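Please walk through this protein model from its strands to its rings. Keep the sequence and the 3D view open while reading.

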Amino acid sequence: MTRLGTPPTPELLDPAERLSRGQLRELQLRRLREMLAYTYTNVPAYRERFDQAGVRPEDCRELSDLARFPLTGKDDLRAQYPFGMLAVPRERLRRLHASSGSTGAPTVVGYTDGDLDTWSGAVARCIRAAGGRPGDLLHNAYGYGLFTGGLGLHYGAERLGCTVVPASGGMTSRQVRLIQDFRPDVITATPSYLLTLIDEFEKQGLDPRASSLRIGILGAEPWTAEMREEIEERLGIHAVDIYGLSELMGPGVGQECVETKDGLHLWEDLFLPEIVDPLTGEVLPDGEEGELVLTSLVREAMPVIRYRTRDLTRLLPGTARPAFRRMGRITGRTDDLIILRGVNLYPTQIEELLLRIPVLAPHFQLRLTREGRLDRLTVRVEARPDAGREQREAAAEALVRAVRDGIGVGVGVEVVDPETLERSVGKIRRIVDER
C-alpha cells in the first residue's frame, strides 16, 4: 500500500490523469461538440433555448465558443419537473435522485447504466486521490436515499476495491462503536458531522486520535481552513475536500489530493469548468473570482450545459494532477449572500470568526428578522460540550466584537447547547430568513 500522504504510483492513475494539458483540451473539445449535438437532438428544452439564443451545436469550433451558449440555472431544471430534462426514455433509467425541494419543486436527476459507471469511476478516482487504496475499510457517514452523497461514495468505494460500512447519518453513539469495532481506514462525512462524531468520542471517554482512521473525505457543505485544522488535530487524520452537486452527477466532480491539500482538482475530462461574472454572465479569465459554471462532457440520461453552481471561487493551475485545474476555496454562494443594512456578508465569513473562539463549536445558524424597518441578524451557535455559562457569555460578546470589527456590521449572538441546531443529512441549514 502506498504510504499516506505520498502520490499514487503512475500505474494506479486513470488514463485521463496521465494526459498532458494539451491532450486534455483536445479530449474536452471532442466531447463538448458531441455533447452539444446530443443534447440539442434529445432534450427539447435545450433545443428551444439554443434556438432562442441563435446558436447551434456546430457553432462550437473551439472551447471558448461555449460562452455563446445559454447558461442553465436551477429554476430551468425545476421548470421541467420531473422528467423534462431527460435525453433518454424514462425506461432506460436505472436510478433517480432528487433535491429536497424545500424551496420549490425538487430537481430530479436520472442515471443510465453508463452514467452510474461513469459516476462510480469518478468517485473511485477521488478516494484514491485522497489516499484511499483497494482493501481499505471505508466508513460512509453520508446520508443514503434521494441525497446523492451516500450511494455516490458507496459505489465509488466499491469500484476502487474498498470494504464499505454503509453507516449513513445519525445514531452517532452507534457510529462511534462501529468505528471502534470495525477499525476503518477512511471516513466519508460532512465536516460538521465528523466534528459531532469527534465530540461523541470524547463524551464516551475515548481518545479520537487513538482510532484507526487515517483519512477523512469531507464535503457537501463549505468548510474553512480552521475547521480542517481542528479535525486533523483532534482526530489525527488527513482531512481532504470532495466536491460535487446533484445536478451534474453527485460527489465526484472534484477532489483534493492528499499529497498537496491545496484545493480541489476538477476532473475536467468529465466536466468543463468556467468562471463567470455572477451579474453579467461574462466569462472571466483563470485566477479571477466569480461563479463556477460546469458543463457535463460524459452524460447520457441528463446532460447539463453551462450549469450555474452558485459557488464563488476561481480557477488555478493544477499541481498534484497537472492537467486538471484546481478550484480556489469557495468564498460563498451567490444565493447565500446576505445584505444587512448595506453590508454584504456570507456565512463562511461568520464561520471563520467563530472558529477563532475556543468555546464555540463550528455548528451555527444565521437568523434574519425585521424589527420595525430594520433588518436584524442573530447568530445561533452551539457551545463546546464543556463550556460553562460565564464562558458562553464571554464567547458571545467576543463574537459580536469580531463581526463588528471584521465585517463592519452589528449582529446578535445566541450561544446554545451542543446538538441544539436541527441537522438534515448531517448538515445544518445555515440561513433562516424570517423577515
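**A covered strand and its neighbours**

Strand β12 (residues 307–313) is mostly covered, since six of its seven residues are buried. Buried means under 20% relative accessible area, exposed over 50%, and partly exposed in between, with a 1.4 Å probe and protein chains only. Helices (H or I, at least four residues) and strands (E, at least two) are DSSP runs, numbered from the N terminus.

The model is predicted, and local features need pLDDT of at least 70, side-chain atom pairs count only at pLDDT 80 or more, and totals for chains, interfaces and linings use all residues. Residues are numbered from 1 along each chain as its sequence is written, and side-chain values use heavy atoms, with hydrogens and water left out.

Which strands pair with β12? Strand β11 (residues 290–296) pairs with β12 in the antiparallel sense over four bridges; two strands pair if DSSP finds at least two bridges between them. Within this pairing, Leu 294 has Tyr 307 of β12 as its bridge partner. Strand β15 (residues 332–333) also runs antiparallel to β12, joined by two bridges. Here Asp 311 has Arg 333 of β15 as its bridge partner.

**An open sheet**

Four strands form an open sheet in the order β20-β19-β18-β23, with mixed pairing. The edges are β20 (412–416) and β23 (431–433), each with a single partner strand, so one side of each is left without a neighbour in the sheet. From one strand to the next, the twist averages 20 degrees. Axes are lines fitted to C-alpha atoms, for helices over the stretch in contact, and angles run from 0 to 180 degrees between N-to-C directions.

Strand β18 (residues 360–371) pairs with β23 in the parallel sense over three bridges. In that pairing, Arg 367 has Val 432 of β23 as its bridge partner. Helix α9 (residues 347–354) lies across β18, β19 (374–383) and β23, and runs at about 130 degrees to β18.

Two packed helices are described by the angle between their axes and the distance between the axes. The axes of α1 and α2 come within 6 Å and cross at roughly 110 degrees. That makes α1 roughly perpendicular to α2 (angles under 35 degrees count as roughly parallel, over 145 as roughly antiparallel, 65 to 115 as roughly perpendicular and the rest as oblique). Residues making the contact (heavy atoms within 4.5 Å) include Tyr 40 of α1, and Tyr 46 and Phe 50 of α2.

A search of the whole structure finds six aromatic pairs. Rings of Phe, Tyr and Trp (its six-membered ring) pair if their centres lie within 6.5 Å; planes under 30 degrees apart count as stacked, over 60 as edge-to-face and the rest as tilted. Tyr 40 and Phe 50 are a stacked pair, 6.2 Å centre to centre with 20 degrees between the planes. Tyr 40 lies in helix α1 (residues 21–42) and Phe 50 in helix α2 (residues 44–53), so the pair ties together parts that are 10 residues apart in sequence.

Are these two residues buried or exposed? Tyr 40 is buried, at 11% relative accessible area, and Phe 50 is buried, at 0% relative accessibility. The ring of Phe 50 also pairs with that of Tyr 46: the centres are 5.9 Å apart and the planes are at 55 degrees, so this pair is tilted. Both Tyr 46 and Phe 50 lie in helix α2, four residues apart, about one turn of the helix. Tyr 46 is buried as well, at 1% relative accessibility. Ring pairs link Tyr 40, Tyr 46, Phe 50 and Phe 69 into a cluster.
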